[in-house]
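These are my notebook entries on one structure. I record what I looked up, entry by entry.

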Amino acid sequence: MRTLLIARLTVDEAFRRKVILAVMLLSLVFLALYFFGFQVLRDDLIRFREERLGRSDDLLPYEAQASAMVLMGLYTVNFLAGVMTIFAAVGTISGEIESGVLQAILPKPLSRWEIIAGKYLGFLSMITIYLALMVGSVVAISRFAGDYTPPNILRGWLLMVLVSAILLALTMLGSTIFSTMANGIVALMLYGMALTGGL
């Protein structure tokens, strides 16, 4: 019960610091650019086919181009979620130790694991909802602007949530070992290596 209270306070703090507002505004900019890009892709393909009088033997099929566009969109969403995860949780413990907030909380009848688990659940719930909104928006744009529906989108979303959950756990672990700055550097470097390995 107290873990859920800490989770709710973590979400409230993110709203108070306007973290969620900033992330959503930048995400809307990305979605607008993605919508524009998908429309340009489709319009260029139609114009090219008309100029070639319907012959498009030297083009990739539209489904392959639309699929690549969706993959780029989802890759960007995954990247944004990863960066958001790191910056949201980088100072979870170390920042509160440095500011003295944790010393005021720990004498209360709260276990350390309740604080960590509550913060983890709070951050994970925000990231899961963010990913659901962004993946849903990418799919809606591909359907509306590109007349293309990607397959297996639920599996893709679940994998993105898993990536964020692991990254969140590593960032929070680092927050108990390193200072906020060192933890941010370590987490970003690990995330960068993981992205490169995935490519």
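**Entry 1: aromatic rings**

I began with Y34, which is buried, with a relative accessible area of 5%. Here buried means under 20% relative accessible area, exposed over 50%, and partly exposed in between, with a 1.4 Å probe and protein chains only. F38 is buried as well, at a relative accessible area of 0%. Y34 and F38 are four residues apart in helix α2 (residues 19–51), so about one helical turn separates them. Helices are DSSP runs of H or I with at least four residues, strands are runs of E with at least two, and both are numbered from the N terminus.

I then counted aromatic pairs, and the count comes to four. Y34 and F38 form one that is edge-to-face, at 5.7 Å centre to centre and with 90° between the planes. Under the rule, rings of Phe, Tyr and Trp (its six-membered ring) pair if their centres lie within 6.5 Å; planes under 30 degrees apart count as stacked, over 60 as edge-to-face and the rest as tilted. I also noted that F30, Y34 and F38 form one aromatic cluster.

Returning to F38, which is buried at 0%, I moved on to another pair. F35 and F144 are stacked, at 6.0 Å centre to centre and 20° between the planes. F35 lies in helix α2 and F144 in helix α6 (residues 112–146), so this pair ties together parts that are 109 residues apart in sequence. F35 is partly exposed at 24% relative accessibility, whereas F144 is exposed, with a relative accessible area of 66%.

**Entry 2: source and confidence**

I noted that this is a predicted model, in which local features need pLDDT of at least 70 and side-chain atom pairs count only at pLDDT 80 or more, while totals for chains, interfaces and linings use all residues. Residues are numbered from 1 along each chain as its sequence is written, and side-chain values use heavy atoms, with hydrogens and water left out.

The mean pLDDT of the chain, the predictor's confidence in each residue from 0 to 100, is 83, and 87% of the residues reach 70 or more. Confidence is lowest in helix α5 (residues 101–105), at a mean of 56, and highest in α7, at 91. Where pLDDT is low, the predicted coordinates should not be read in detail.

**Entry 3: the salt bridge**

How many salt bridges does the structure hold? I found one, taking a salt bridge as a side-chain nitrogen of Lys or Arg within 4 Å of a carboxyl oxygen of Asp or Glu. The side chains of R143 and D147 form it, at 2.9 Å from N to O. R143 is partly exposed at 44% relative accessible area, and D147 is partly exposed at 46%.

**Entry 4: helix α8**

Helix α8 (residues 180–198) has 19 residues and reaches 27 Å from its first C-alpha to its last. This is close to the expected 27 Å, that span being 1.5 Å times one less than the number of residues.

Which residues of α8 are buried? They are N183, G184, A187, Y191 and L195. They cover an arc of only 100° around the axis, which puts them on the same side of α8; the arc is that of the directions from the helix axis to the C-beta atoms. The face turned away from this buried side carries the exposed residues M181, M189, M193, T196 and G197.

The buried residues of α8 pack against α3 (62–89) and α7 (153–177). One of them, N183, has a relative accessible area of 2%. Not counting residues up to four places away in sequence, N183 touches V90, T171, G174, S175 and F178, where contact means heavy atoms within 4.5 Å.
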